[in-house]
Amino acid sequence: MANDDRGGYPEFFSPDRIASRARLLEAGIDPYPYSFCETHSVEAVRADFERLAAEGRELRIAGRIAAIRTMGKSVFADLRQGAARIQLYIRKGGSVPEILIREIAPGDIAGVAGRAFRTRTGEESIEVLELSILCKAAAEIPYGKAKDGRSWYALEDVEIKRSKRYLDWITDPASLERFRKRSEIIALIREYMRKDGFLEVETPTIEPVYGGAEARPFATSIYALGNRKAYLRISPELYLKRYIVGGFPKVFSICQNFRNEGIDSRHNPEFTMMEWYEAYTDYERQMDRFEELTCLLAEKIRGGLSFEYAGGTLSLERPWRRIRVPEVAERLLRKPWDRATKEDIGDALVSAGALRPGDRAAAVARESKGALLMELIEHALAGELFQPCFLMDHPRDISPLTKARRGNPDFVERFEPFIAGMEVGNAYSELTDPVEQFERFKAQRDAQRGTGKDYEDHPLDEDFLHAMACGMPPTGGVGFGVDRIVMILLGAESIRDVIAFPMRRAQE
RNA sequence: GAGGGGGUAGCUCAGGCGGUAGAGCAACGGAUUUUUAAUCCGUAGGUCGGGGGUUCGAGUCCCCUCCCCCUCACCA
């Protein structure tokens with residue numbers, strides 16, 4: 001910096017650029033004009049370059065200046081629109097005022113009018129006849145250097161890339177593309193659902209009673225209602241079922257869920273959930289649907305069902321492997337489920353190395369039999385869950401919203417799709433018997449009492465029970481983590497690379 | 001929550017056996033009449049994450065603390 005007097009401005013204001021802004025204003029040039037009339041995108045110019053160059057018609061293009069190379073009387077600049085770029089050629093002493101050529105800088109947003117032509121070296125370029133600064137950037141943009149898709153000295157610090165996503169997007173076309181594709185994936189999901197007759201609906205984000213999942217909620221209060229306690233949604237499930245009860249047989253919702261739990265490469269306190277319910281179907285039908293939707297997304301986004309992820313090759317070829325919990329349980333415990341005790345599972349966990357011997361007693365006391373079993377199974381199968389599969393027919397005691405497995409009532413008709421070892425979703429043949437639902441809720445509460453998991457006073461959602469008592473058709477429902485599906489489809493190994501503004505510890 | 005790695009100029013990184021901070025790129029000034037990771041000459045830029053301690057002297061050693069990344073544990 002030639003000048004370190006920041007005049008009380010934040011340190012990210014560049015004195016050089018503030019001075020440049022002042023010089024432009026002094027010359028009567030507004031560096032922050034109100035509009036610019038574009039005739040072409042960079043992409044459009046690229047796509048039709050030869051014809052446009054031959055016609056010599058005036059093109060008007062706007063974008064961000066990413067680099068400037070001056071060579072005597074010639075100035076070359078890169079104009080970027082997202083991942084697309086084109087070179088500008090400005091001749092000093094031509095129609096572009098000297099002051100604009102002098103003050104334009106990398107990071108500024110510019111509008112140009114000019115003609116398409118090829119330089120002596122063959123580079124597709126725009127000869128600039130008019131130049132407007134559409135925004136003088138006041139901060140330095142860490143562009144680094146780039147050529148042929150490679151870059152040098154560019155912003156790489158993931159801390160900055162994630163906390164200042166705008167800089168990440170400005171400087172890294174790959175990041176921009178990742179988030180464009182995320183949006184495309186969500187659009188494809190909506191398209192698939194609509195085509196099959198599903199209605200997109202909304203549910204409350206702020207709820208008097210939370211439910212539909214087991215998680216610590218975010219608590220808040222409602223001023224207008226005497227500071228009544230309220231919670232951010234941990235799942236849309238109980239409200240979506242009210243739609244089903246009321247007469248919408250096929251509904252879905254894509255929404256943020258909020259869970260006040262850990263933050264790591266697979267968990268963000270708020271994450272995007274896609275959840276749907278389809279009346280008159282069971283979980284078998286929904287397993288097909290989940291496969292179908294995931295494969296459709298893979299075809300459209302990756303161009304096929306087989307692609308690299310996390311150092312391995314995923315194959316989404318249908319049908320995916322079905323892993324039945326009761327069968328795995330019997331194999332691991334070497335005795336029938338009804339004869340196995342919590343202590344047996346505790347022993348198995350210890351001998352599998354999933355639990356320290358000293359923690360066994362506490363775990364057995366704290367967790368339900370079903371929860372212990374799932375811990376054991378997920379540990380035992382960890383190496384087998386890379387290829388897409390369905391873990392299905394979970395223990396009844398950890399699945400309070402699910403119908404019993406036909407012919408095996410200790411288990412339920414539930415499945416969790418796993419891809420690349422990640423649990424990406426959860427689905428049921430939904431429980432529809434209101435009396436049993438009431439009993440299950442009570443049993444779940446009793447089981448949680450004193451385990452440290454009864455986070456808040458958590459009243460039963462009586463209104464939900466009332467809805468169910470009014471009659472809910474047989475229904476299959478599926479919820480999946482959109483962020484995780486996006487991670488897999490886009491090759492991201494951290495959820496923070498697919499959430500635009502992930503939760504951070506550091507505060508400004 | 002536990003273990004490991006890291007935080008030095010706007011960006012990418014050196015230095016680290018304690019002696020008072022370096023490079024490249026970016027920025028700024030200049031040269032160069034078609035360049036493209038342009039090049040060349042010059043200038044400026046850092047309380048080495050924060051606090052405390054040891055020392056004549058700490059980016060470098062010790063303690064505390066904040067933040068980031070990875071692995072593990074819990075949750076989608």
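Which residue lies over the face of tryptophan 337? In this predicted model, that position is taken by lysine 369, at 4.1 Å from the ring centre of tryptophan 337. A second contact of this kind involves arginine 242, which lies over the face of tyrosine 239 at a distance of 4.3 Å from the ring centre.

Contacts between aromatic rings were examined next. A pair of aromatic rings is described by the distance of the centres and the angle of the planes. The count comes to 16 aromatic pairs. One of them is formed by phenylalanine 76 and tyrosine 89, a tilted pair with 5.4 Å from centre to centre and 35° between the planes. This pair links distant parts of the chain, 13 residues apart: phenylalanine 76 belongs to strand E2 (residues 74-81), and tyrosine 89 belongs to strand E3 (residues 84-91). Tyrosine 89 counts as buried because its relative accessibility is 15%, and the cut-off for this class is under 20%.

Another tilted pair consists of tyrosine 283 and phenylalanine 415, with centres 6.4 Å apart and an angle of 35° between the planes. Here a helix and a strand are linked across 132 residues of the chain, with tyrosine 283 in helix H9 (residues 283-302) and phenylalanine 415 in strand E20 (residues 414-419). Both tyrosine 283 and phenylalanine 415 are buried.

Tyrosine 283 and phenylalanine 415 also belong to a cluster connected by ring pairs.

Conventions: Residues numbered from 1 in each chain as written. Chains lettered and ligands numbered in written order. Predicted model: local features only at pLDDT ≥ 70, side-chain atom pairs only at ≥ 80, totals over all residues. Heavy atoms only, no water. Phe/Tyr/Trp six-rings, centres within 6.5 Å; stacked < 30°, edge-to-face > 60°. Helix = DSSP H or I, 4+ residues; strand = E, 2+ residues; numbered from the N terminus. Buried < 20%, exposed > 50% of the residue type's maximum accessible area, 1.4 Å probe, protein only. Lys NZ or Arg CZ within 6 Å of the ring centre and 35° of its normal.
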